[in-house]
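Please look over the sequence and the model shown below, and keep both at hand while reading the paragraphs that follow.

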Amino acid sequence: MGSCFGGLVSIVVVLVLLGFGGISCVLGDSPVFACDAGKNRDVGSFRFCDASLDIEERVRDFVGRLTLVEKVGFLTSRSKAVDRLGVPSYEWWSEALHGVSNVGPGTRFSSLVPGATSFPMPILSAASFNTSLWRKMGKVVSTEARAMYNVGLAGLTFWSPNINIFRDPRWGRGQETSGEDPFLTSKYAIHYVKGLQQIDSGHPDRLKVAACCKHYTAYDVDNWKGVERYTFNAQVTKQDLEDTFQPPFESCVIDGHVASVMCSYNQVNGVPTCADPNLLAGTVRGEWKLNGYIVSDCDSVQVLYSSQHYTKTPEEAAAKTLMAGLDLNCGPFLGDHTEAAVKSGILNESAVDGAVTNNVRVLMRLGFFDGDPSKQPYGNLGSGDVCTAKNQELAAEAARQGIVLLKNTDGSLPLSPAKIKTLAVIGPNANATKTMIGNYEGIPCKYVSPLEGLSAYTSIVYEAGCLTALCPPSSFQSGSAVKAASAADATVLIMGADQSVEAETRDRINLTLPGQQQRLIVEVAKASKGPVVLVIMSGGPFDISFAKASDKISSILWVGYPGEKGGTAIADVIFGRYNPCGRLPVTWYPQSFADNVPMTNMNMRPDPSTGYPGRTYRFYTGEAVYSFGDGLSYSQYNHVLVRAPNSVSLALESGHPCFSQECEAVDMAENVCQELAFDIHLKVQNVGSMHGSHTVFLFFTPPSLTGKSPKKQLIGFEKAYVISKGEELVQFQVNVCKDLGTVNELGERKLLLGSHVLQVGSLSHSLIVRT
């Protein structure tokens, strides 16, 4: 394990020999923590510093000692020191979306820790459909975070992951999410959060680091045709809120036990989310029982006052948000106006006490009040535990597992290194480095560009064709690219996007490839003498119908933003060292969708009367370029149903109305299912010539609910590794109420009676739910 000795042992030894005993192992950097007996002897008498006591008792003791001014200091992301109690200032804002990041002010890099492992953006990691991978990633990130905390370079509270639904393909932040499906997003949230938070002993009251699920809720418009997130009012039906936007947050809190939820900038049905008591105190804190704190998106309390004009005074904004259930303000607003709100009588100090209590409790669970971190669990971690070879290999493996093969005419891929003596590598992302790590990024350990990765397999001829992903006419140079492709044995075009095309505050207008990219692809493909592989590097989907239909383009790969080792993963897939198994976590729409559907229409379900086609694979009625779950392999897999019930019966209480009258559905609030569940067993057969991993999806289609039911809904997925000509047994457990339930137009969860259709690949099986 790394520690303060890693890389510094000789310096430390010399300094000690020279008489500088007691020197910090980080040469001046030290972690921020409270209850430091070495600095303040009085802390030994404070009950809140006694780690042997119950956390709730310690929190009560601490909050009870604070003045109003000191309490207000704990409501902002840069909490103020309370020197008389031995508590230093603490910066709450750090980020760990796909690795420890220096985007937030709570984390920085230095010569001691110059970088951290940078995993793929979540949209690509989600394409792996591998829960154990997500948990491993979270565990690596939290280990590196703890190591950086120990040397004074990071905090302990990380505002990640982003679990918003990728509802519209134009959203610039879709790359940060795990896709369009609420079930997939829920599973990603649970496992990544557990990887971040769980300590090795599994003690539920302790946290390795504190994660945060954001942005709550119905947030997915940043800046589209002048509509900005700061003033956007998301008009959402009760049905869509309950069965699309809320489930990931509910799962994150109830099943993931996340330590924080961040409310978003936008309004939902006229009320700013950070000032909505129903959403915060009622749902997150009350119904879901959050054990943690609720934080605002940065400056969103200021925004609801100054931009949305939701309150007349800043004091009223402070009062409304705290009374709604907000605990912490990213930014200074609550620090500036809460004291005045209390003294003017519009806010009771007890609301401030509740918020401070929730914040301090999380710091207690993190060990912040337990004294010297070096004497606590994970205290031995240091710079040597960041960017280890094992961690970097996991980053490469995450990228391999996420890469999606969308087209492979006549088995053109994988390429053979023995046959491909020269490879033309073309495109604005062919030599990508920083582009590969997306946004909310840190400094990676080391980049492996696509060009570098492919060069490990064969001789390369590289031509950019366009200097940037925007590919304007002024930088378009196809001549050299065409010449290279015409002479090479095969051609790889690496195209797509970067943060100048899609990003936070930057939503797209079109779904076509930027600038002259399509022209470059067509001209190069036409001239190529060998197979042509089109690689799309992007967070969001594109309309690449022309390439899908072209007989000049033999293969298409989508590689997301694949992280620091993206080039290794891309090359390993193209040359067959790895059998691709990623599946699309989002629908790829045609350009006509962007032409006809406003991004601001939040309705998930189609409206035939207006021609509105609906959104995502669950409801979209139009033609798709590629569908959710699409993805090929170098092997072929068959599914064989081994066991599944034909019917299940509900155990209704005596006197239930459905005994005396015909019912179409039962209310799940009645607990009619208890823990009613059943198993489905399947055989997965690999009939191909390569070993590989295969994602098995379990979908279901419920009986019709006045035309508002999903066309189909994902309720399970499993990853199976199957050797060539072998088979593996895959088992799903289906909870009848939880998995087969449907939401009606009033936002109520119902279990419909009748025939439910279960689907795995081309297999379908009818299941009757009866009373």
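Which exposed residues does the face of α12 turned away from its buried side carry? They are Asp336 and Lys343, where exposed stands for over 50% relative accessible area, buried for under 20% and partly exposed for what lies in between, computed with a 1.4 Å probe on protein chains only. The model is a predicted one, in which local features need pLDDT of at least 70 and side-chain atom pairs count only at pLDDT 80 or more, while totals for chains, interfaces and linings use all residues. Residues are numbered from 1 along each chain as its sequence is written, and side-chain values use heavy atoms, with hydrogens and water left out.

Helix α12 spans residues 333-343, and its buried residues are Phe333, Leu334, His337, Thr338, Ala341 and Val342; helices (H or I, at least four residues) and strands (E, at least two) are DSSP runs numbered from the N terminus. An α-helix has 3.6 residues a turn, so residues three or four places apart point the same way. The buried residues of α12 pack against α3 (68-72), α10 (300-306), α11 (314-324) and α13 (349-365), with contact meaning heavy atoms within 4.5 Å. Just after α12, glycine 345 takes a positive phi of about 90°.

Alanine 525 counts as buried because its relative accessibility is 4%. Not counting residues up to four places away in sequence, alanine 525 touches Val532, Lys552 and Ile553; from lysine 552 it is 27 residues apart in sequence, yet 5.7 Å apart in space, C-alpha to C-alpha.

Next comes a pair of helices. The axes of α5 (residues 131-150) and α6 (residues 182-197) come within 6 Å and cross at roughly 35°, where axes are lines fitted to C-alpha atoms, for helices over the stretch in contact, and angles run from 0 to 180 degrees between N-to-C directions. On the side of α5 the contact includes Trp134, Met137 and Val141, and on the side of α6 it includes Leu184, Tyr188 and His191. Threonine 185 also has its place in α6, and this residue counts as buried because its relative accessibility is 0%. Leaving aside neighbours within four places in sequence, threonine 185 is in contact with Ile163, Asn164, Ile165, Ser178, Gly179 and Pro248.

Finally, there is an open sheet of three strands, with parallel pairing and the order β3-β7-β10; two strands pair if DSSP finds at least two bridges between them. Strands β3 (213-216) and β10 (293-296) stand at the edges with a single partner strand each, so one side of each is left without a neighbour in the sheet. Neighbouring strands of this sheet are turned by 30° against each other on average, direction ignored. Strand β7 (residues 260-263) runs parallel to β10 and is joined to it by four bridges, and methionine 262 stands opposite valine 295 in β10.
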